[in-house]
Amino acid sequence: MLPINIWVVEDDAGFRRTLRSLLNTGERTSCSHVFPSCIEMFEALETAEHPNLILMDLGLPGMDGVEGIRNLTQIAPDVAVVVITVFREKAKVLEALDAGAAGYLLKTASGAEIIDGLEQVFAGGAALSPDVAKIVLDEMRKAPTTDSFKLSAREIEVLEHLTMDLSVKEIAGRLGISRRTVAFHLENIYRKLQVQSQSGAVAKALRSGII
């Protein structure tokens with residue numbers, strides 16, 4: 001099995017080296033490119049083979065991480081982004097997830113937690129640090145209900161399970177349906193909410209009051 005190819009965008013040189021070393025020593029991960037800014041990363045995307053995932057800071061020079069995520073969903077929608085940052089404020093979290101980030105990890109995460117989060121995203125899931133997951137769940141509890149996106153009852157049920165950071169297999173088990181059926185519902189949810197990832201769907205649902 002080929003390793004998961006991951007690019008790193010991080011302006012702190014020391015932490016950038018730490019992440020590259022971590023990813024290159026992982027059993028299923030490798031890091032072929034690192035960049036101090038989104039601008040250099042986008043230049044590389046024009047000529048280099050695209051990675052499977054990008055691990056990206058938010059506080060970057062020239063173009064911040066949220067803008068970088070938004071641009072990437074237009075240029076390379078097949079490449080998932082996992083945020084790694086010191087920012088744990090609710091506004092930052094929801095902004096990044098709404099932009100299309102497939103995961104949101106804090107820099108306090110251990111090496112094993114970072115690797116595990118990346119592998120979860122590569123497998124089609126989402127990755128949220130515990131503090132971030134709490135923000136998402138708290139926001140969900142406060143949100144009013146609405147049917148403006150015309151989601152079915154089952155689609156809303158799948159969406160609610162996404163907020164628990166469950167995999168497609170786990171959602172299928174809890175709802176008593178097949179993984180293929182869960183994937184079908186997710187495809188409809190993404191289309192109706194006009195998002196690209198599970199985390200993006202959760203953020204959009206919370207901001208719109210669907211769940």
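**Group meeting: helix contacts and charged pairs**

Okay, let's start with lysine 92, which lies over the face of phenylalanine 87, at 4.8 Å from the ring centre. "Over" here means NZ of Lys or CZ of Arg within 6 Å of the ring centre and within 35 degrees of the ring normal.

Quick housekeeping: this is a predicted model, where local features need pLDDT of at least 70 and side-chain atom pairs count only at pLDDT 80 or more, while totals for chains, interfaces and linings use all residues. Numbering runs from 1 along each chain as its sequence is written, and side-chain values use heavy atoms, with hydrogens and water left out.

Now, salt bridges. How many does a search of the whole structure find? It finds 5, counting a side-chain nitrogen of Lys or Arg within 4 Å of a carboxyl oxygen of Asp or Glu. One is glutamate 10 with lysine 107, closest N and O atoms 2.9 Å apart. That pair links distant parts of the chain, 97 residues apart: glutamate 10 is in the loop between β1 (4-9) and α1 (13-25), lysine 107 in the loop between β5 (103-106) and α5 (111-122). Helices (H or I, at least four residues) and strands (E, at least two) are DSSP runs, numbered from the N terminus.

In α2, Cys38, Met41, Phe42 and Leu45 meet Gly68, Asn71, Leu72 and Ile75 of α3. Over in α8, Val168, Lys169, Ile171 and Ala172 meet Arg179, Val182 and Leu186 of α9.

Note on methods:
Contact = heavy atoms within 4.5 Å.
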